[in-house]
Amino acid sequence: MKTYTITVNGVAYDVTVEEGAGGAAAPAAKAAAPKAAPKAAPAAAPKAAGTGAGAVKVTASVPGKVFKVEASVGQAVKAGDPIIILEAMKMEIPVVAPQDGTVASIDVAVGAAVENGDVLASLN
């Protein structure tokens with residue numbers, strides 16, 4: 001038998017796999033109780049939060065790195081105003097407000113890596 005540690009959605013599982021004889025059926029796997037997964041890098045923590053306080057979510061359109069935060073919580077913005085600037089492939093890409101509103105939360109920090117679709121901020 002072999003034991004492996006597998007992490008799924010941030011939860012680590014110890015899995016024991018029995019080795020089968022020759023070309024027999026697939027080996028049976030038995031999973032143990034989950035254990036605490038190692039902590040993620042600090043830069044990933046704001047991204048994981050992703051639960052903004054506002055009703056309108058502002059998401060990343062490309063994977064990249066947060067270069068600059070243009071707006072602050074409580075600031076009134078109009079549709080098209082830049083909220084966050086992402087850096088992707090050495091280009092600065094503005095993430096703009098999809099509609100008029102007030103910034104309810106900024107869910108990322110400068111330097112954080114983000115993926116396409118991650119929530120960066122929210123508006124009311």
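Val8 lies in strand β1 (residues 2–8). I looked up its cover too: Val8 is partly exposed at 42% relative accessibility. The scale runs buried under 20%, exposed over 50%, partly exposed in between.

**Ground rules**

I keep in mind that this is a predicted model, where local features need pLDDT of at least 70 and side-chain atom pairs count only at pLDDT 80 or more, while totals for chains, interfaces and linings use all residues. Numbering runs from 1 along each chain as its sequence is written, and side-chain values use heavy atoms, with hydrogens and water left out.

**First sheet**

I traced an open sheet of 4 strands in the order β8-β7-β5-β10, with antiparallel pairing. β8 (91–96) and β10 (113–114) are at the edges with a single partner strand each, so one side of each has no neighbour in the sheet. Strands are DSSP runs of E with at least two residues (helices are H or I, at least four), numbered from the N terminus. Pairing means that DSSP finds at least two bridges between two strands.

β5 (residues 64–69) pairs with β10 over 2 bridges in the antiparallel sense. I noted Lys65 opposite Ala113 in β10.

I went through the pairs in order. β4 and β11 run antiparallel and are joined by 4 bridges; Thr59 has Val119 in β11 as its bridge partner. β9 and β11 (residues 119–123) pair over 3 bridges, with Val103 opposite Leu123. β6 (residues 76–77) and β9 (residues 101–106) pair over 2 bridges, and there Val77 faces Gly101.

**Core**

Which residues have the most contacts inside the largest nonpolar core? I get Val66, Ile83, Ile84, Leu86, Val114, Leu120 and Leu123, in a core of 18 residues. A core is a set of buried Ala, Val, Leu, Ile, Met, Phe, Trp, Tyr and Cys residues joined through side-chain atoms within 4.5 Å. The elements giving two or more residues to this core are β4, β7 (82–88) and β11.

I then picked Leu120 and skipped its neighbours within four places in sequence. Its contacts (heavy atoms within 4.5 Å) include Val58, Thr59, Ile84, Leu86, Val95, Ile106 and Val114. Asp107 is also on that contact list for Leu120.

Last, I checked the loop between β7 and β8, where Met89 sits. Met89 has a positive phi of about 50° without being a glycine, and Met89 is exposed at 77% relative accessible area. Lys90 is in the loop between β7 and β8 as well. Its phi is near 65°, again positive in a residue other than glycine, and Lys90 counts as exposed at 81% relative accessibility.

Methods: Buried means under 20% relative accessible area, exposed over 50%, partly exposed in between (1.4 Å probe, protein chains only).
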